[in-house]
Amino acid sequence: MLNTMRNIALTVWTGENRFTMSRGSFRYRQKTTGEQVLKRSRTTETENGFDVDFARGEETFTFSFRQENGLLRGELHVPEGTPYNRFRVTFDIEKGLHIYGCGEIHSAFDLSGEKVRVFVAEHQNARRIALKLLRKGLRLPNADKAMKLSNYESYYAQPTFVTSGKWFFHADTKRFAEFDFSKPGKVSFTSQEPPVFRIGKAETYEALSEKLTSLLGRQEMLPDWVNDGAILAIQEG
């Protein structure tokens, strides 16, 4: 992955979020302007990694890559006072990989070929259910056709994915984010803040899981009483 990141691409633009909510479901819109694909201008070697510079007029955006604790850490440094608050990084991956993760999305297991939003809301809202029932009632064609995965939200938002190539990608962000796995041999990650991410690779899935949980944390052992009784999930309303 170290050499792959030398060819990373960067796109920047400015955006403004617009949210409305009804009964736990969000309608999300963005007003965006000034999208620009920046040109790589220089790659500089460092003691434990390298820097990739992107030029825009007098401004320079620098992506630094460092080896830290067995992981590759990437961080975008933006010029002071830049108006841009949308960033898309695109990099090459092996073709034919299976991709899993990006939070709790039960509509699909393998995310290769898909676009995924990392954003929590009510997964099925009244409008979607009503439209589905209406199509079935009118016996319209494709009444049971699945909605595009890019239109779904997740039950739990986590900007992390694991691949069948035994490597993972984790972004450090708490804002709305998107992954695009639709182009063979490419991954795009869009963030609403300068991206910071880590990539880990291992020889086995067990070793990969150990690396990932060392980064994200591990669940403690459950107490003995969970094996001797019942756990009730009760909700009012």
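**A strand pairing and the sheet around it**

Within strand β10, Thr 163 is the bridge partner of Ile 99. The model is a predicted one, in which local features need pLDDT of at least 70 and side-chain atom pairs count only at pLDDT 80 or more, while totals for chains, interfaces and linings use all residues. Residues are numbered from 1 along each chain as its sequence is written, and side-chain values use heavy atoms, with hydrogens and water left out.

β8 and β10 (residues 160-163) are joined in the antiparallel sense over three bridges; two strands count as paired if DSSP finds at least two bridges between them. Another residue, Gly 101, stands opposite Phe 161 of β10. Strands here are DSSP runs of E with at least two residues, and helices are runs of H or I with at least four, numbered from the N terminus. By these rules the chain contains two helices and 14 strands.

β10 also pairs with β11, again antiparallel and over three bridges. In this pairing, Thr 160 faces His 170 of β11. The hairpin that the two strands form has three residues between them, and Lys 166 adopts a positive phi near 65 degrees there.

These strands are part of an open sheet of eight strands, which run in the order β3-β4-β5-β6-β14-β11-β10-β8 with antiparallel pairing. The edges are held by β3 (39-46) and β8 (99-101), each of which has a single partner strand, so one side of each lacks a neighbour in the sheet. On average, neighbouring strands of this sheet are turned by 20 degrees against each other, direction ignored. Strands of a sheet pair through backbone hydrogen bonds, either parallel or antiparallel.

Helix α2 (residues 205-216) lies across β6 (71-77), β10, β11 (167-171) and β14 (196-201), and runs at about 15 degrees to β11. Such angles run from 0 to 180 degrees between N-to-C directions, with axes fitted as lines to C-alpha atoms, for helices over the stretch in contact. The helix has 12 residues and spans 16 Å from its first C-alpha to its last, close to the 16 Å expected at 1.5 Å a residue; the expected span is 1.5 Å times one less than the number of residues. After α2 comes Gly 217, with a positive phi near 110 degrees.

Gln 158 lies in the loop between α1 (126-137) and β10. Apart from neighbours within four places in sequence, Gln 158 is in contact (heavy atoms within 4.5 Å) with Cys 102, Gly 103, Val 118 and Leu 216. The C-alpha atoms of Gln 158 and Cys 102 are 5.3 Å apart, although 56 residues separate the two along the chain. Gln 158 counts as partly exposed, because its relative accessibility is 24%; buried means under 20% relative accessible area, exposed over 50% and partly exposed in between, with a 1.4 Å probe and protein chains only.

Charged side chains supply further links. A salt bridge is a side-chain nitrogen of Lys or Arg within 4 Å of a carboxyl oxygen of Asp or Glu, and the count comes to 10. One of them joins Glu 45 to Arg 6, with the closest N and O atoms 2.7 Å apart. This pair links distant parts of the chain, since Glu 45 is in strand β3 and Arg 6 in the segment before β1 (9-22), 39 residues away. Arg 6 is partly exposed, at 24% relative accessibility.

A second salt bridge connects Arg 42 and Asp 53, whose closest N and O atoms are 2.9 Å apart. Arg 42 lies in strand β3 and Asp 53 in strand β4 (residues 49-56), 11 residues apart. Arg 42 is exposed, with 52% relative accessibility, whereas Asp 53 is buried at 6%. Glu 59 and Arg 56 meet in a salt bridge at 3.5 Å, N to O, and Arg 56 is partly exposed at 30% relative accessibility.

For the chain as a whole, buried residues make up 36% of the 237 residues. Among contacts between residues at least 6 apart in sequence, 63% join residues at least 24 apart.
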